[in-house]
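Work through the exercises below with the model open. Try each task before reading its solution.

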There are 2 protein chains.
Amino acid sequence: MSKSWEQRAQEKREAILAAIPQEWRIENPPLVEEQVDVTGKFVQQFLSEREVEITETTADEIVKRTVSGRWSAEEVTRAFCHRAAIAHQLLNCLHEIFFDAAIASAQALDAYYAAHKKPIGPLHGLPVSLKDQFHVKDAETTMGYVGWIGTFEGKTGTGKEKSFESEMVRELRASGAVLYCKTSVPHTLMSGETVNNIIGYTLNPKNRRLAAGGSSGGEGALIGIRGSPLGFGTDIGGSIRIPAAFNGLYGIRPSTGRMPYEGMANSMDGQNSILSVVGPLATSVPSLRLVIKALLAQKPWLHDPLVHELPWRFDKEREILELLGASGDASKAGKLSFGILRTDGIVNPLPPIRRAMDIVVQALEGLGHEVIDWKPPSHKTLLDEAFKTWVFDAGTDVKSAFSLSGEPMSDQISFYASLAKEYSASEVAATNVRLRQLKKEYMEYWNSTEQVTSTGRPVDAVICPLAPFPAARPKMYTYYGYSTFVNALDYTSVVVPVTNVEKAVDRVDEGYRPIDGLDKGVYESYDPEIYDGAHVSLQLVGRRLQEEKMLAIAEYVGKAIGK
Amino acid sequence: MSKSWEQRAQEKREAILAAIPQEWRIENPPLVEEQVDVTGKFVQQFLSEREVEITETTADEIVKRTVSGRWSAEEVTRAFCHRAAIAHQLLNCLHEIFFDAAIASAQALDAYYAAHKKPIGPLHGLPVSLKDQFHVKDAETTMGYVGWIGTFEGKTGTGKEKSFESEMVRELRASGAVLYCKTSVPHTLMSGETVNNIIGYTLNPKNRRLAAGGSSGGEGALIGIRGSPLGFGTDIGGSIRIPAAFNGLYGIRPSTGRMPYEGMANSMDGQNSILSVVGPLATSVPSLRLVIKALLAQKPWLHDPLVHELPWRFDKEREILELLGASGDASKAGKLSFGILRTDGIVNPLPPIRRAMDIVVQALEGLGHEVIDWKPPSHKTLLDEAFKTWVFDAGTDVKSAFSLSGEPMSDQISFYASLAKEYSASEVAATNVRLRQLKKEYMEYWNSTEQVTSTGRPVDAVICPLAPFPAARPKMYTYYGYSTFVNALDYTSVVVPVTNVEKAVDRVDEGYRPIDGLDKGVYESYDPEIYDGAHVSLQLVGRRLQEEKMLAIAEYVGKAIGK
């Protein structure tokens, strides 16, 4: 008799735990209500002072030390392995643990350094966590599906099981990164919460009453608690930016064709109307820039047919730095012009998000920049088309993954169960045409802002909520419009952490009159007592393929608000 | 009673003719057998010496004269209008004629020049012909459909009829180009021959027993007879390159995302597995480069959501020029490495194509370059997937266009009539996945040639047939594999004219044993008597988004073989 899905899930869950060395186990981890916030002092109690120092250093600063030989790759790797082990026991954020392999590769890097007196690449000795869509040798990829345990993407006998590696994995290794774990995702990947039948629910480290976000939720939780300095997620409707925002991190959704997705597992692979993209989350903008530059230096366009030949464009970055006077040439200093989208008119942001917008606007205006109201073409119209792409196949792909084991769908994605009729090729094509038309309208609106700015340029970036709430409460993630409109337009977007919920300040709107039931649901989900302390973030949205520019602006905005 | 499709087609056909001034009409144009080749001396008899001089000048040379005020835009425009008028009467190559509007815009350009002592843009005064997918103010777009006459893409009351202009039209006008006619296409666009119920069959000017090619067949015929110095076609399976090759022209299929398709009519719009691309055909490589650079200078990525921000990359061009020693720095001169695909193993090229390959290989080897056998992954496997994309919608789109008027399908595209079942979203997605996997395989093969070249680089370009025959005989275009594999891979390809059929040299292969029925059909279609004099061309295939590099190589190869 084959095992039940429950047994298989339990064995996998236990195997993950078993990969944590005994000395790193926590006896009786606290219940959520006993310890809501497990960041900072709480998690530090399990670590040595040196481990705290290492793990609370940003990726770019770590690399400055490892490429110069000041810190050994092994010491850095061991520290992050330890903190990640603690993280998983508090948050359920890991799917795969391969600390031994990580330490071995760190040792090899140190040996290389000792022999050659130079680093192997720009990420020498940097631990990097990966969402459980990346294939890594000697590790599984379950993507949260019980039916994928022991298989290659649900198939057996492919010869790829535990041996195939995704293109970006190769490039990260070639750059000197150390891979040590893969992080949790919601099964199907189509949720802003991370839950599956293997690891359960991934909690938000800053406030364990809240979701870590999704679908790169394990990344968000792990980096949020500093169990990783930097990791990679993917984003088809917000899945990099949601966990970044919910965990007070920087995260970038690059436009399609910039970063290599080649050889990764995915849901509904081949749906190419709105493509999922891969990108990093980290605790600083220079960290994001570091890995993007490192990967582009590997010329991914020679190994991923969907990546454009766009090396890192220093000139795009320089244009912004010169406008900001950071070039040291004051005569060239100018100002930036921002749009602000205070609401998309579909769901109004909750009080903490509104306060975050005020903070950013005031900081930027105080520095002499311009912020104008963003009045784009209807997001409703755009989103109506965009959401169709998630159900083109009526759930055929994800249903087949569930049927492998007979496991049930989580509530968060159970809408797939009710879908029956696939879109026809004509219907897919009609959606593509409509999306293209709406992109064209939006781009011409963006062009038209040249007439209302004082810079002579269209708006440089749009300040905008990433979600209507600071972080979703479990099973209350009902609206994806703020993140997904960016995917529909294929724009570049960087999440910037702004502040934290203060229950005394971010009070419930008295007498609020909801737009409709959807808006009412979000309004009613807000409870200052529950949200107190949660991270509050926004996104800075730029045009397509503006990664260099948007990172420069995000770094500047982060500094402007003291982050 | 509404008119019959025959009446409507006849009226449109007569209206096209009626747009030709009386003094440019040809009394009793010769029958095909009376005058097979209507280029050169034959067409020149209808023109003044000055008109011949102007119209036999390449686009880049014309522009040198118009931007410096040596030639007036009006004189140049009138000369091409005249020659285009003659062309249409001999070849059936025009759908729309707007000579009066062209002359008026030429006069406006001359007035601008007189007032400002400078050209309005880099294409100042250059007549440019457009395939009948471009929307131009005051002209119709029928795309060969009787049912589209008097409509906007088959619809009435859109407010766009005869007023809307495609994005590239705006950019061409802004660059100083003069638009004067739109050229014929096969209805549906899905044929390498150009035939529809309005203008009939577009003939090859060099050999009117043969097809002008398609689907940009009107462009091929018109530029082939020098009724246009340069025009734009589109290419989803070869439709720029086929007419370029059949008419002894240079033509480039850029990769997707390089040139703006925004606002053009199309067939099966929204099928985005293999996208149609737009690109120029002309009589010289510098002409192609001129217009591509002019369009990129207009920043089309700000107005077309599918165009990547890739300005003209001089460095990519320079790399090739330096390898060829054209920089004047002999110390840097090196060599190029070419692959040669003598057959794809599905259909063998006919004798004139094989001779053309020998000519190119000998010329390049004689100049010290390297030519290695190209042994790529199976083209059959790749094409099997690629051709699916043409029938995803089971002809739903094109059938609806035919049903508007009740007109019949031409034999060339009548396969659409037999299709019944659309692909589902899952089936479309599966094709997308497979195409991506095959692109990956092909790109890794290309990378691997680094091991067999002597340059230390992978092959720079692949020399390859564009079709198994020099030009198709009517109703004998049975195989598109040589052109379509390039679309499947989204590679950059430039057609280079090589030679002409010589019946005494290019004899039928005695004792040839065909691969199968398909190959046999192509073999049997070859008749040296019929083909004598026809243009013979090849394509040079480069990797994705290598337009600068491939134009530089194509220009060099053209010179090497004396073209």
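**Exercise 1: the fold of chain A**

Of the 563 residues in chain A, 64% are buried, meaning under 20% relative accessible area with a 1.4 Å probe and protein chains only, where exposed is over 50% and partly exposed lies in between. This is a predicted model: local features need pLDDT of at least 70, side-chain atom pairs count only at pLDDT 80 or more, and totals for chains, interfaces and linings use all residues. Residues are numbered from 1 along each chain as its sequence is written, chains are lettered from A and ligands numbered from 1 in the order in which they are written, and side-chain values use heavy atoms, with hydrogens and water left out.

Solution. 
1. The C-alpha trace spans about 65 × 60 × 50 Å along its principal axes.

**Exercise 2: the annotated site**

Task: locate the "binding site" positions in chain A, then examine A:S239.

Solution. 
1. The unreviewed UniProt entry places the feature at A:L189, A:S215, A:I236, A:G237, A:G238 and A:S239. UniProt positions are in the numbering used here, feature names are shortened, and annotations may be inferred rather than shown by experiment.
2. These positions spread over 51 residues of sequence but cluster in space, with a largest C-alpha distance of 10.7 Å.
3. A:S239 sits in the loop between β6 and α9 of chain A.
4. A:S239 is buried, at 6% relative accessibility.
5. The side chains of A:S239 and A:S215 make a polar contact of 2.8 Å. Such a contact is a pair of N or O atoms within 3.5 Å; within protein, one must be able to donate a hydrogen and the other to accept it, and residues adjacent in sequence count only if both atoms are side-chain atoms.

**Exercise 3: the interface**

Task: state how much area is buried between chain A and chain B.

Solution. 
1. The contact (heavy atoms within 4.5 Å) takes 41 residues from chain A and 41 residues from chain B.
2. About 3,300 Å² is buried, 47% of it from carbon and sulfur atoms. Buried area is the accessible area (1.4 Å probe) that two parts lose on being put together, summed over both.
3. A:P305, A:E309 and A:R436 supply 18% of the area that chain A buries against chain B, more than any other three residues.

Terms used: Helix = DSSP H or I, 4+ residues; strand = E, 2+ residues; numbered from the N terminus.
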